[in-house]
Amino acid sequence: MREVAIIGVGMTKFGPTHLNIKELFAEAALQAIEQSNLKSVDIQALFVGNVLGDFAEGQMNLAGFLANEIGLGPHVPATRVEGACATASVAFRDAFLWVAAGFYDIVLVGGVEKVSHMGTSLATRAFAMATDSHYEELCGLTFPGVFAMLTHLYADKHGIPLAALKNQMARVAVKNHHNGTMNPLAQFQSEITMEKVLNGPMVCDPIQLYDCCPFSDGAAAVVIAGREVARKKIDKPVRVLGVGQGSAGALSRQKDFTVMQSRAASAGQAYKMAGIGPRDIDVCELHDCFTIAEIVASECLGFFDFGKGGTAVERGETDIGGKIAINPSGGLKAKGHPIGATGCAQIYEIAKQLRGECGARQVDGARIGMTDTLGGDAGTVVNIILGL
Amino acid sequence: MYKLTHNQYFAALKEDNLMGLKCLECGTMTVPPKATCDRCSSTELEVASLAGEGVIRTFTVIRVAPEGLQAPYLVVMVELEEGPWLMGNLEGLEPDQASMDLIGKRVKLGHKVVAQMQYTAGEGVVPLFSLVD
């Protein structure tokens, strides 16, 4: 395998927009191509993530249309990938493998989602399709419901009073909203208080509104290249040090899902490939679709002991400037979560952090960063480690 | 080839019988059914009946429902006596009465028929648990 590097990244502002899927994708993709000092015609293949286009805009067979939108020729293979919320990270890992293998030199990876016009009821149903549809979705399970059950399971397992755990969870929301104030592309750029989080409407006991990330529109894109090309095109290529991907079945089959085995496997692969461990990570964009999700992810990735992730947040250990900066972008919680784009948006943030381009939210001296993207109730999990 | 299809599993559940697959290699019970053992991936499985009893491991009250469903309702994850965990709904308790005290409570299995909705593969049957005194 040869070394692969990121040579350009692009991202739209996240949040409700009048742009459609193709327009959103084009904005992020053309930014990434321009930043790479390339033209569309230089792209040899496209891997693009989108989850709900069929339901949202009645558009299947999306990849070809997106390739054509940005001027890729008839000889350029375009592949749509779907892995629920991990979609764009799956696309990235697959694209990485093709370039690492030497089959392509320059590949565009992207992700895009457009859901703001769907309404909460249809969107909740469509999102719930990422759970086991034949048995568990029939129970009326929703994603806030999955993480609500996780919260109760976690409180019971670790003997943490629910009220204390809810405080730790609220602290995640406060931190990520604070980070979002420093990200001009974030959907929410205002502070939130503990009181507001803890007094929000109940969605699924004990998950309240401000424990949840929003429904979002948005797109993100990344250009990757083999080492030789990367060094010719730009000054500061960001190297892909490790990748991992894991799989799981229905939530009940996972039993104690406070520790997601597909994530543990995925992270293990990425660490092994990079030849490093959790202590070497300076900055991490991880999957905080709900506040409790950030806590369990930070434990499973090895940053904190099991049962201690919430305490770490309360102590400021995950703040920018803390032991490990988690979600300096604002995370899914404040930056927004256009599910098909999120993986590429996490990579966008880590690449910018390593290049030192993040302004007020810059993690000083960040040299190694990691992404963590959770698809559905852990059916698909991807981890990527990047370094200078 | 497929030892216990979802239609056969649903038909039994409609009679309040919980069917699963017992692994002939490692003894693990797999439920709901699938092509391979949940523990060791063996295809040497035989259809078996479960008691339909267990304890609640976790729960939630869904207050924002997907299209086609009426909130609030309770979703529970039950650890069955035979080992597997199984998701279902809980009846006999007002959703507003649900608290952490539910965890560890014993339940027994009944069923609920879910009519075909848009984007489902026909009628479904889900476990509907109730608390055992």
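## A first look at chain A and its salt bridges

Arg2(A), Asp105(A) and Glu228(A) belong to one network of salt bridges. Welcome to this predicted model, where a search of the whole structure turns up 26 salt bridges over all chains. Below is a short tour, from the overall build of chain A to some individual pairs.

**Overall build of chain A**
- Chain A contains 15 helices and 12 strands.
- Along the principal axes, the C-alpha atoms of chain A occupy a box of roughly 55 × 45 × 40 Å.
- Among contacts in chain A with a separation of 6 or more, 77% join residues 24 or more positions apart.

**Surface and charge**
- Of the 388 residues in chain A, 65% are buried.
- Chain A has 33 positive and 39 negative charges, and their mean positions lie 5 Å apart.

**Buried salt bridges in chain A**
- Arg125(A) pairs with Glu137(A), with 2.8 Å between the closest N and O atoms. Arg125(A) sits in helix α5 and Glu137(A) in the loop between α5 and α6, 12 residues apart. Both residues are buried.
- Lys175(A) and Glu294(A) form a salt bridge at 2.9 Å, N to O. This pair links helix α7 to helix α12 across 119 residues, and both partners are buried.

**A salt bridge in chain B**
- Lys34(B) meets Asp38(B) in a salt bridge at 3.4 Å, N to O.
- Lys34(B) counts as partly exposed because its relative accessibility is 23%, and Asp38(B) is partly exposed too, at 32%.

Methods: Residues numbered from 1 in each chain as written. Chains lettered and ligands numbered in written order. Predicted model: local features only at pLDDT ≥ 70, side-chain atom pairs only at ≥ 80, totals over all residues. Heavy atoms only, no water. Helix = DSSP H or I, 4+ residues; strand = E, 2+ residues; numbered from the N terminus. Buried < 20%, exposed > 50% of the residue type's maximum accessible area, 1.4 Å probe, protein only. Contact = heavy atoms within 4.5 Å. Lys, Arg positive; Asp, Glu negative; His and termini not counted. Charge placed at Lys NZ, Arg CZ, Asp CG, Glu CD. Salt bridge = Lys/Arg side-chain N within 4 Å of Asp/Glu carboxyl O.
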